[in-house]
Amino acid sequence: MTKWTASDIPVRDGRSAVITGTGGLGFEDALALARAGSEVIIAGRNPAKGAEAVARIQGEIPAAMVRFEQVDLASLRSVADFCARLREQRNSLDLLINNAGLMVPPRRQESADGFELQFATNYLGHFALTAGLSPLLRAGRNARVVTLSSVAARSGVIDFDDLNATRHYQPMRIYSQSKLACLMFALELDRRSAAGGWGIASMAAHPGIARTDLLHNAPGRRSVTGLARSLLWFLFQPASQGALSFDNVTSVLFRAVLWNGQSLGTFDFENTAAIGGASFQLNASAVPEPASAGLLGLAGLALLRRGR
């Protein structure tokens, strides 16, 4: 398939989208979709950054229908409040991009609910967000949920005995676990939607290695990874390119607006990962039924078992 650009995005007039994250890939997704005519809601934790993102988009696209709504993905109460507000404000939603994330903070931190912060932000928060917005998505037009995973999912292992990483915290191992959980969630949501006739296409996306603040925000600019991000910036593709075309098929915007293939959840990695020690190919058809059937219970399991 040939490379494509934002100009290839079809007109999105009358379509609506919620995107988590105010900068980096989330901002580029919002900009491109607003340019195509979508009504865009940028959801994030920081109102100042949200206002800045909205102002930048409206500066480029004066007629853009874009606004900011506050939500902290590391707080299940905040996520529930956000979903309740949107359900009161509107009757449907066409697109949800689960984009925001946290990567490799050097020290273990906990969310407002007592969960390890990477797992809480990257997976549990987006799980709860998707569930809370599902009534709107089921009423949407050809609704889609795009969840960002990562190449790190290849090495991910779901440690059911220590989901909260209280016994052993390794930043990259926990990040990989969270991104594997996101991938599994995307696959299982698509399977269950197809089986239940929910009308929601769910898929995972891999943006490649992009020039965002992800490695600056958590590890810090003076960390090894932060310095690598700053000094070796030329090895990282621009965030706008990450949103558009890592290899086209796995890019965020392609999956959000153009991908019409069968098995929409397929992530197309060639490698394997492990769930509690059981290896499987990272595509929808190869996820074992027992693991698949129990996937949506992963968040509930984490909520009930905090690994303390």
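Biologist: Which residues does S178 touch, not counting residues up to four places away in sequence?

Modeller: S178 touches Q118, F119, N122 and Y123, where contact means heavy atoms within 4.5 Å. Please note that this is a predicted model, in which local features need pLDDT of at least 70 and side-chain atom pairs count only at pLDDT 80 or more, while totals for chains, interfaces and linings use all residues. Residues are numbered from 1 along each chain as its sequence is written, and side-chain values use heavy atoms, with hydrogens and water left out.

Biologist: Where is the place of S178, and is S178 buried or exposed?

Modeller: S178 has its place in helix α5. Helices (H or I, at least four residues) and strands (E, at least two) are DSSP runs, numbered from the N terminus. S178 counts as buried because its relative accessibility is 0%. Buried means under 20% relative accessible area, exposed over 50%, and partly exposed in between (1.4 Å probe, protein chains only).

Biologist: With which side chain does the side chain of S178 make a polar contact?

Modeller: The partner is the side chain of N122, at 3.0 Å. A polar contact is a pair of N or O atoms within 3.5 Å; within protein, one must be able to donate a hydrogen and the other to accept it, and residues adjacent in sequence count only if both atoms are side-chain atoms.

Biologist: Which helix does N122 lie in, and what else is N122 in contact with, leaving aside its neighbours within four places in sequence?

Modeller: N122 lies in helix α4, and it counts as buried because its relative accessibility is 1%. Its contacts include A100, G101, L102, Y175, K179 and C182.

Biologist: Turning to the rings, how many aromatic pairs does the structure hold?

Modeller: The structure holds four aromatic pairs. Rings of Phe, Tyr and Trp (its six-membered ring) pair if their centres lie within 6.5 Å; planes under 30 degrees apart count as stacked, over 60 as edge-to-face and the rest as tilted. One of the pairs is Y123 with F127, whose ring centres are 5.7 Å apart and whose planes stand at 65°, so this pair is edge-to-face. Both residues lie in helix α4 (residues 117-138), four residues apart, about one turn of the helix. Y123 and F127 are both buried.

Biologist: What about Y123 and F185: what are their centre distance and the angle between the planes?

Modeller: Y123 and F185 form an edge-to-face pair, at 6.3 Å centre to centre and 75° between the planes. This pair links distant parts of the chain, as Y123 is in helix α4 and F185 in helix α5 (residues 171-196), 62 residues apart. F119, Y123, F127 and F185 form one aromatic cluster.

Biologist: Which residues are buried in α2?

Modeller: In α2, G50, A53, V54 and I57 are buried. Seen down the axis of α2, these buried residues fall within an arc of 95°, so they line one face of the helix; the arc is that of the directions from the helix axis to the C-beta atoms. A48 and G59, on the other side of α2, are exposed.

Biologist: What covers the buried residues of α2?

Modeller: The cover includes α1 (24-35), β2 (39-44) and β3 (65-70). At the start of α2, a side-chain oxygen of N46 comes within 2.9 Å of the backbone nitrogen of A48.

Biologist: Which residues have a positive phi although they are not glycine?

Modeller: V104 is one of them, with a phi of about 45°, and A165 has a phi of about 55°. Most residues other than glycine have a negative phi. V104 lies in the loop between β4 (95-98) and α4, whereas A165 is found in the loop between β6 and α5. V104 is buried, with a relative accessible area of 11%, and A165 counts as buried at 1% relative accessibility.

Biologist: Finally, how many helices and strands does the protein have?

Modeller: The secondary structure comes to eleven helices and eleven strands. Buried residues make up 56% of the 308 residues in the protein.
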